[in-house]
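Please read the points alongside the sequence and the model.

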Amino acid sequence: MHTFVYQRATSLADAVAVLKAKPDARPLAGGMTLLPTMKLGLAAPSDLIDLSAIGDLRGIRRNGDRVVIGAMTRHAEVAASAEVRAAIPALASLADGIGDAQVRNRGTLGGSVANSDPAADYPAAVLGLDANVLTDRRTIAADQFFLGMFATALDAGELIRAVEFRVPKRAGYAKFPNPASRYAMVGVLVADYGGSVRVAVTGAGACAFRVPTLEAALGKQFSAAAIEGIEVSASELNTDLHGSAEYRAHLVGVMARRAVAAALG
Amino acid sequence: MVEVKSNGLIGQAVKRTEDLRFITGRGQYTDDMSRRQMVYAAMVRSPLAHARIRSVDTSAARAAPGVIAVYTGADMAADKIGGLPCGWAVKNKDGSAQAEPAHPAMQVERVRHVGDHVAVVIAETQAEARAAAELVNVDYEELPVVVDARAALAPGAPQVHAEAPNNLCFDWELGDASAVAAAFSKAAHIVKLDLRNNRLIPNAMEPRSCIGDFDSSTSENTLITASQNPHVIRLLLAAFVFGIPEHKFRVVAPDVGGGFGSKIYPYPEDVIVLWVARKIGRPVKWTATRSEAFLSDAQGRDHYSHVELALDKDANFLGLKVDTIANLGGYLSTFAPAVPTYLYGTLLAGCYRTPAIYVNVKGVFTHTAPVDAYRGAGRPEATFVVERIVEQAARQLKIDPAELRRRNFIPTDGFPYQTPVALTYDTGNYHATLASGLKLADYAGFAARKAEAAKRGKLRGIGISTYIEACGIAPSAVAGALGARAGLFEAATIRVNPTGSVTVLTGSHSHGQGHETTFAQVVADMLGIPMESVEIVHGDTGKIPFGMGTYGSRSLAVGGAAIVNATRKVIDKGRRIAAHLLEASAEDIEFTGGRYVVKGTDRAKAFGEVAFTAYVPHNFPHETEEPGLEESAFYDPKNFTYPAGCHVCELEIDPDTGVVEIVKFSASDDFGRIVNPMIVEGQVHGGLVQGIGQALLENCVYDESGQLLTGSYLDYCMPRADDVPSFQVMTECTPCTHNALGVKGCGEAGAIGSPPAVINAILDALSGLGVTDVPMPATPHVVWSAIRAAKGRQVA
């Protein structure tokens, strides 16, 4: 690991200003991806701007049909939140299944969403729960947010403030973990908004994506049986040591059915 | 026969005395140690699997902060430092010698695997050394690469060493080919399989680490290194690499956090740190990052085999024929030639009375990390071949696999049994372990459980493996005749201190096995003293007279036997001293409960009194005895030991995802006599987890360009606690006939027996779907693909 300057930002504006001034600086949220990357020599930022002291970025609150979660809220806080468990139990359960206890106590919602790791859990929630990503300068709808592998609609130096999830009638998340890393090889979040259903997949492609055929079928009848036999296309899905695109496509169907069962359970 | 009876401690599940320091973080591993003025080494490794080194520019690295020196392979060659020696020479079929290319610690002209050593940077801190290592600019000319052993044998394949045409290190055989041909010609059934034994990365919890030091005032060389056998390291480095005398060379292997074979060998880093320490006059430390461990620890397994079993009409085995291609990696590691030959071919008889066996093994160089012994070393590969083909025969002939095994077992009254592949099994009872293993597994009740699982949509299967292994390595004369360039005895010294406490110096090395407890139990039991009065000292050539180290499940069977013999000498000398004190004849004195007693009387001397007399010899038999009470023994085993057992795996497969869940794993093992059943159980558990890891999870994969794709835990799947069930284990006992303790060894059995049990169970579960083979590791994707392919065949 190379030397770098550590700074603790006191406000969002402060952090944005520093990032603007220093092109090679990187914001530090939970550090669950950035720090290992630096240790392996794959990233060498000039400065780390620690966001953890910015109180505005933390916390969970209900706002009408939305649950608003601050970007620096730790996974363990989401998992344990009475607010989240009451409104969107699937989101609490998803957060409770991220990484291990140490990761959940350090990793943050904003860090995960901004990174758009193709195998992270939260992108499925953001996309499936029709969320808005609130940044220091604008609001980005989930459908416009994830652009590709580690690529999002965020501009350089743009920081996520919070994510607001739309509360569904019911939702479920089912994950098939990569046997080695335990990241999602396929994770499917299914959310029923009464008449319209969103199905968001993580792990299988370059970034989180929705599956319209499954959404349409579930919109007509919200049951696992309704999507039995619907083939998900393998084109553009990931192939690696742990599974072919065909396997992932198959697992999208299996996990979608299990997510529906969890939502109904 | 068991000559050393238990007086209470042998056989007890005594808690491990070493654990207090380990679980409180007070173990002293190599990386915990510092020396005055110590500096740090960082290796410059090849990023390419095969390349010519055009030039190495070290100027930027030399100018970097904290850097003391940068050395290259050329510097090492100029100092005439020898390459790493190979400790075993096997012969080709035609009697000629194996190809044995040099293995310099740092390369001068050519690199042969990713991670191969090109240069070393020495700096004041570890961070400075690592940062500067990135500044060494090596100009490589990329050359074609071969990573797969079969591909390496193909005409026109890229060549790894000029000394090994067609990448062939050896073309070895064992057994009687014409007897096997005759057996096959009269066979009623011939069963065939093509098998892959997947390549593994050892992943000891403690990465390798070493410190080199040289005292110019005394000419003493010191190497502290995470090793399983410090004396072997000293012998090889002193004699073949540095040419320095052993009395000026101390090798210390302190607390070592797991080895599994990977810490048997001297590595380039051991050579480099000591060489540099001698050059710069300061101690040099190197500790592997986990990424370096993935790239540079000797790896395991990696076989392709074609197997054929001939049976008569009654399903008696007539002959076994095996062709194996073994990947040796880019260089010959210390015991690499022995692993796929004498530790593999000799075990192909398994537990069976197969009368004719022939095996041919081609050892092949590739552009990958060196391959050597890894927990089980050859024996897991042999067991996989035998136990897969036996199960395949049972399936093909529609015989219960347990019954087929029983029919072909070496009968319990058939020992000693000479196999057709060189070994003589001294004792065993395979029917007993099979019977108790099946009972433990409730084999009889399996059909009901399968039916119940089917209702839940799960495919349930059961699989058996009745393995045997050869441990207690090894009778030196036998090993020497088979190509070993070292003896394989063990040494021990029992030093009785004046006040009656005992220091045991053993050449065995504990890196997780619990020797400090087990060995102390044996000595305390024999001497009738409390365990707290016995200290086990190991891992330091400066303290221990000699030793061959720990591998091949040899420590108790060989090292323990040496300890027993030295302890007996102590008891005998004590008896003569006691006879003098008690004014009796030595023959009339028996040693019991820690006391020398004149038979039939109440006249006695405690062991402590005798010890004190030996060191304060005022009233002492000076005419016949020397003062002091310290005895040594070297023990060379008469034969290997032959642990054997029955592993039964029961599992469920989710056909939707291919996920395999082991619901029950039962093991009935015969390790001969057991000194500490808790430690044995722990060894079995650990071995089973590694074996299940090989069967279901672990796989070392290089891409075609020789890059390691599984270079971290993101892709190399280590078993976790939730990957395995709570094990059901038990033991049977046929004592080893040729060591005083009657022990056989237990360290590798779990990893040897379990993989075929797992795969056999998977194939049982999937047999209804027409799946006939599933490769290791049987990951969810692999299992799902096998199911899908079988369904496709059925549709077509």
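Chain B is divided into domain 1 (19-26 + 489-635), domain 2 (33-143 + 205-258 + 263-296) and domain 3 (300-473 + 639-795), with bounds that come from an automatic or database domain assignment. This is a predicted model, in which local features need pLDDT of at least 70 and side-chain atom pairs count only at pLDDT 80 or more, while totals for chains, interfaces and linings use all residues. Residues are numbered from 1 along each chain as its sequence is written, and chains are lettered from A and ligands numbered from 1 in the order in which they are written.

**Domains 1 and 2 of chain B**

- The centres of domain 1 and domain 2 of chain B, taken over C-alpha atoms, are separated by 39 Å.
- In domain 1 of chain B, 14 residues are in contact with 16 residues of domain 2 of chain B (contact: C-beta atoms, placed from the backbone, within 7 Å).
- The side of domain 1 of chain B that touches domain 2 of chain B has three nonpolar, 10 polar and one charged residues (nonpolar: Ala, Val, Leu, Ile, Met, Phe, Trp, Tyr, Cys and Pro; charged: Asp, Glu, Lys and Arg; polar: the others, Gly among them).

**A sheet in chain B**

- An open sheet of mixed pairing is formed by four strands of chain B in the order S21-S20-S19-S25 (strands are DSSP E runs of at least two residues and helices H or I runs of at least four, numbered from the N terminus; two strands pair if DSSP finds at least two bridges between them).
- Strand S21 (534-537) and strand S25 (630-635) of chain B are the edge strands, each pairing on one side only.
- Strands S19 (residues 490-496) and S20 (residues 502-506) of chain B pair in the antiparallel sense over five bridges, and B:Ala492 stands opposite B:Thr506 in S20(B).
- Helix H16 (residues 555-582) of chain B lies across S19, S20 and S25 of chain B and runs at about 145° to S25(B) (axes are lines fitted to C-alpha atoms, for helices over the stretch in contact, and angles run from 0 to 180 degrees between N-to-C directions).

**Nonpolar core**

- The largest nonpolar core has 343 residues, and B:Val523 and B:Ile762 are among those that touch the most other members (a core is a set of buried Ala, Val, Leu, Ile, Met, Phe, Trp, Tyr and Cys residues joined through C-beta atoms within 7 Å; buried means 20 or more other C-beta atoms within 10 Å of a residue's own, with C-beta atoms placed from the backbone).
- H16(B) supplies the largest share of this core, 12 residues.

**Contact between chains A and B**

- Chain A gives 12 residues to the contact and chain B gives 15 residues.
- The side of chain A that touches chain B divides into seven nonpolar, five polar and no charged residues.

Definitions and conventions: Two residues are in contact if their C-beta atoms, placed from the backbone, lie within 7 Å. A residue is buried if 20 or more other C-beta atoms lie within 10 Å of its own, exposed if 12 or fewer, and partly exposed in between; C-beta atoms are placed from the backbone.
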